[in-house]
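I opened this model to look up charged pairs and ring pairs. My notes follow.

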Amino acid sequence: MTGPAKLCVSNQKGGVGKTTIAINVAGAINARGHDVLFVDLDPQGNATENLGLMDAYDEEPPTLFDCLTNPEQRDVVADIVREHEEMDVIPSNIDMTAAEPELTLSRRSGEQLSLVLREIEDDYDYVIVDCPPNLGNLMDNALFATQNVLIPALAESTSKRAFELLFDHVDALEYDYEIDIADRGVVINRIDVRKKQAQEMVEWINAAFDDVPVWQIRERADVQKALDSGVSLLEFNPECDMCEVFLDIAAGLDEQFGIEAQEVEA
């Protein structure tokens, strides 16, 4: 594989904990000794806030919006990268709320993120893109730039329709751009094992995705506490049992991408 492993965390259904999964998977990949670039492509800026970088959300131009919508400012991306103890971050910005209509006017509307990332991606082992919760130009950019998708979902019946909508969109994008987008796994989030419906949906998802890994994250208060503290669960409380699952996800991605874990300095 040439260049970094690139992966978008995507589900157009809101409220599935997409950003939570993206941050914790990035943290786990970092814990395996890899340099990670995290891209917050969601105009809401939840990941930017959860990583303690909310000041970047209100910054004056140039921002990610300018890099995506003005070809002459793509190289500015190196200047907007923020350092975090677990990863480098391209933060979202309030101007990103105008990105969807602006990208519609672009000649290569779905390729802009890929062109921006070319400026800096070779400095990293992984690029993780947190997608907005809708099927639009920004989602197209994330899927085209990474061509790999990790899908967070809830153990509830509404997830079936969400999967269907996402895969219809992926199929259309593959056809339009003549690319192949790989499913790298499903992360079932916030599982409440006491609920019968949750158990049934876990079984359904495992059966429906029998050819890709399915990981299960149970409800834990420390997951939210970690985000409130601006870090991943592995940094906040490495003793939490869900850390092992996130590390399993990172190990599984390493295996799929053919990347070896690195020595981590104490």
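**Entry 1: charged pairs**

I began with Glu121 and Lys6, whose side chains meet in a salt bridge at 3.2 Å, N to O. I count a salt bridge when a side-chain nitrogen of Lys or Arg is within 4 Å of a carboxyl oxygen of Asp or Glu. This pair links distant parts of the chain, 115 residues apart: Lys6 is in strand 1 (residues 5-9), and Glu121 is in the loop between helix 7 (112-117) and strand 5 (126-130). I take helices (H or I, at least four residues) and strands (E, at least two) as DSSP runs, numbered from the N terminus. Both Glu121 and Lys6 are buried. My cut-offs are under 20% relative accessible area for buried, over 50% for exposed, and partly exposed in between, with a 1.4 Å probe and protein chains only.

I note that this is a predicted model: local features need pLDDT of at least 70, side-chain atom pairs count only at pLDDT 80 or more, and totals for chains, interfaces and linings use all residues. Residues are numbered from 1 along each chain as its sequence is written, and side-chain values use heavy atoms, with hydrogens and water left out.

Next I looked up Lys13. Its salt bridge partner is Glu156, with the closest N and O atoms 3.4 Å apart. The two sit 143 residues apart, Lys13 in the loop between strand 1 and helix 1 (18-31), Glu156 in the loop between strand 6 (148-154) and helix 9 (158-177). Lys13 is partly exposed at 22% relative accessibility. Glu156 is partly exposed too, at 28%.

Helix 9 holds a pair of its own. Glu164 and Arg161 form a salt bridge at 2.8 Å, N to O. They are separated by about one helical turn, because they lie three residues apart in helix 9.

I also found Lys18, Asp42 and Asp130 linked in a network of salt bridges. The whole structure has 11 salt bridges.

**Entry 2: rings**

I searched for aromatic pairs and got five. Rings of Phe, Tyr and Trp (its six-membered ring) pair if their centres lie within 6.5 Å; planes under 30 degrees apart are stacked, over 60 edge-to-face, the rest tilted. Tyr126 and Phe257 are edge-to-face, 5.9 Å centre to centre, with 85 degrees between the planes. Tyr126 is in strand 5 and Phe257 in helix 13 (residues 242-257), 131 residues apart. Both are buried.

Phe163 and Trp204 are stacked, at 6.2 Å and 25 degrees. Ring pairs link Phe163, Phe167, Trp204 and Phe209 into a cluster.
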